[in-house]
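Hi everyone, thanks for making time. Have a look at the screen, and I'll talk you through it.

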Amino acid sequence: MPDASPVVPADRTGPRVFEGTPLRTLDEDALLARVLPLYPTGPDLQVPPGDDAAVVATSPRTVATTDTVVLGRDWLDEWSSGADVGHKVVAQNLADVAAMGAVPTGVLLTLVADPEVGLEWVVDHARGVARACRDAGVAVLGGDLSSASAGVVMVSVTALGRLDVDPVLRSGARPGDVLAVRGELGLAAAGLLLLQQGRADRHPDAVARQRRPRPPLADGPAAARAGATSMLDLSDGLARDAGRVARASDVVVEVEEAALAPDVDRLREALGEREALDCVLSGGEDHALLATFVPGGLPAGWRRLGSVRARRAGEAARLLVDGRPVTRPGWDHFTPGG
């Protein structure tokens with residue numbers, strides 16, 4: 001996601017991380033007794049949390065992915081509640097599973113926290129995890145707890161999925177394919193920008209999407225069954241992620257700017273034309289799905305954005321928008337300023 005700013009918005013959501021009963025006043029067993037009953041189980045979970053490890057029934061092939069969020073880097077306490085953080089870290093992992101064409105089945109959760117963190121924040125966070133998992137029909141399989149240095153709060157989720165078809169890779173796009181998206185573009189980035197500017201009231205839907213993304217999980221496996229040739233989760237922005245498909249597939253991906261008009265129109269009044277287009281092209285965290293299909297193979301609900309062609313002599317594999325490269329490529333964890 002774009003780098004979090006220290007600007008505090010006018011609307012503060014939920015308790016601050018360090019308010020309430022400090023974790024240092026409980027032992028690990030007491031903390032687990034507060035949060036484990038909140039988490040859903042599922043039919044694949046044969047041995048639930050409580051032993052050294054969970055036991056999960058798996059299909060012949062299992063998809064696994066993991067992601068971590070850090071206080072002050074991936075979220076600011078001033079505008080995201082514990083439940084928001086829990087929901088978001090689950091959603092972004094399940095989106096990666098769906099992008100492989102798999103059905104999400106369960107998550108493992110790790111919390112690393114300064115002992116001064118409030119129990120109330122942790123319970124709120126657990127409720128967000130539980131709600132996101134219930135909505136997706138997945139179980140919480142277990143996880144880990146650890147203390148951390150002053151001010152440090154980190155949450156990590158590992159997600160598993162059942163793969164009933166061949167995995168859909170980034171490297172499968174072929175010349176002549178249609179490029180399409182399932183979901184909306186730019187909303188989460190617009191929400192972050194408005195929060196940073198203290199103008200959250202300008203577009204409440206965008207702010208809500210930044211706090212709690214809604215990836216179209218069922219559409220990943222459906223696209224795989226429909227013959228998607230490549231697919232990925234749009235976590236770092238259309239420009240960067242479509243470029244990843246281009247490089248992995250050794251092709252040129254061409255986006256038509258006119259196809260982005262519905263997304264830009266949705267944000268124009270709150271942000272202005274230029275910022276709206278920038279969010280749509282380069283903003284991350286929508287967790288929509290981007291895929292390529294053979295002509296005539298677009299499933300219901302998917303929206304055409306462009307096409308795939310072969311590289312010309314001396315041309316790099318890359319993304320172009322109306323024939324032009326994108327100057328701001330999207331979020332990167334290690335580039336200054338993202």
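So, domain 1 and domain 2 bury about 1600 Å² between them, 64% of it on carbon and sulfur atoms. Buried area here is the accessible area, with a 1.4 Å probe, that two parts lose on being put together, summed over both. Trp79, Lys88 and Ala99 supply 38% of what domain 1 buries against domain 2, more than any other three residues.

Quick housekeeping: this is a predicted model, where local features need pLDDT of at least 70, side-chain atom pairs count only at pLDDT 80 or more, and totals for chains, interfaces and linings use all residues. Residues are numbered from 1 along each chain as its sequence is written, and side-chain values use heavy atoms, leaving out hydrogens and water.

Where are those domains? Domain 1 is 21–162 and domain 2 is 177–325, with bounds from an automatic or database domain assignment. Their centres, over C-alpha atoms, are 27 Å apart. As for contact (heavy atoms within 4.5 Å), 18 residues of domain 1 touch 18 of domain 2.

Next, a pair of helices (DSSP runs of H or I, at least four residues; strands are E, at least two; both numbered from the N terminus). H4 (187–197) and H8 (261–271) pack at about 10°, axes 11 Å apart. Axes are lines fitted to C-alpha atoms, for helices over the stretch in contact, and angles run from 0 to 180 degrees between N-to-C directions. That makes H4 roughly parallel to H8, the label for angles under 35 degrees. Leu187, Ala190, Leu193 and Leu194 in H4 meet Arg266, Leu267, Ala270 and Leu271 in H8.

Asp52 sits in the loop between strands S1 (45–47) and S2 (55–56).

Key
Angles under 35 degrees count as roughly parallel, over 145 as roughly antiparallel, 65 to 115 as roughly perpendicular and the rest as oblique.
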